[in-house]
Amino acid sequence: MADDASGLDDLRAELLREQRKLELVRDIGLALGSTLDLDELLRRIAVNVTELMDAERSTIYVVDQERGELWSRVAQGEQQVEFRLPMGTGIAGWVAEHAAIVNVRDAYNDERFDPAWDKITGYVTRSILTAPMRGSAGRVIGVLQVLNKRSEGPFTDDDEVFIQAVAGQAAVSLENAELFRSLISNNEELQLTKEQLEQRTDELELPLLAEQLGPKIVEA
């Protein structure tokens, strides 16, 4: 009887964990749809995914197609510091290049792992789960990566399912944020061009006005 009760308790606990994961996926979708600020968006993804995956850290990399790089921002004190890595470098770069999910049980036994960031920060990476973020055209526009499962063992098959679901949501939000930023930038450029044209028009009109007024002033 005691074993049966213990088994039921374990089942209830597992069901509650799965229910919480589903709630987090829903909450992540709601959170991502409520901002178009890129930095805030990346922060929200990292915070929510870290909890969802029961991980220690999360990082979102954005693909810079023109430079063939991935970039991300990390918090250091009160400042956001941007770092970049070439496509194909490290596990995140490999995922971006091959558009495939990677679940690494032991980072230091995977030849794709680059320990440089660990050496700089003193952090020790153990397990890694990384998923590509595909845009509307199917192209990889970012990479979602979580580090070090808090509970014993590596990331699970269920974790892979959840991170791919979140990566899809995050990709849509990232595209929307990039589009919004592009529109803002274009509007600013248009405003600057308008001001420059107005200034040039004024500069051209002043000599013409002086030429027209000159004879009248002489006659007076």
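Modeller: Here it is, and it's a predicted model: local features need pLDDT of at least 70, side-chain atom pairs count only at pLDDT 80 or more, and totals for chains, interfaces and linings use all residues. Residues are numbered from 1 along each chain as its sequence is written, and side-chain values use heavy atoms, with hydrogens and water left out.

Biologist: Which ring does the charged end of Arg-112 sit over?

Modeller: A charge counts as over a ring if NZ of Lys or CZ of Arg is within 6 Å of the ring centre and within 35 degrees of the ring normal. For Arg-112, the charged end is 4.7 Å from the centre of the ring it covers, and that ring belongs to Trp-94.

Biologist: And how far is Arg-57 from the ring centre of Tyr-123?

Modeller: Arg-57 lies over the face of that ring. Its distance from the ring centre of Tyr-123 is 3.8 Å.

Biologist: Are the rings of Phe-83 and Trp-117 stacked or edge-to-face?

Modeller: Rings of Phe, Tyr and Trp (its six-membered ring) pair if their centres lie within 6.5 Å; planes under 30 degrees apart count as stacked, over 60 as edge-to-face and the rest as tilted. Here the centres are 4.9 Å apart and the planes are at 20 degrees, so the Phe-83 and Trp-117 pair is stacked.

Biologist: Is Phe-83 buried or exposed?

Modeller: Buried means under 20% relative accessible area, exposed over 50%, and partly exposed in between (1.4 Å probe, protein chains only). Phe-83 has a relative accessible area of 17%, so Phe-83 is buried.
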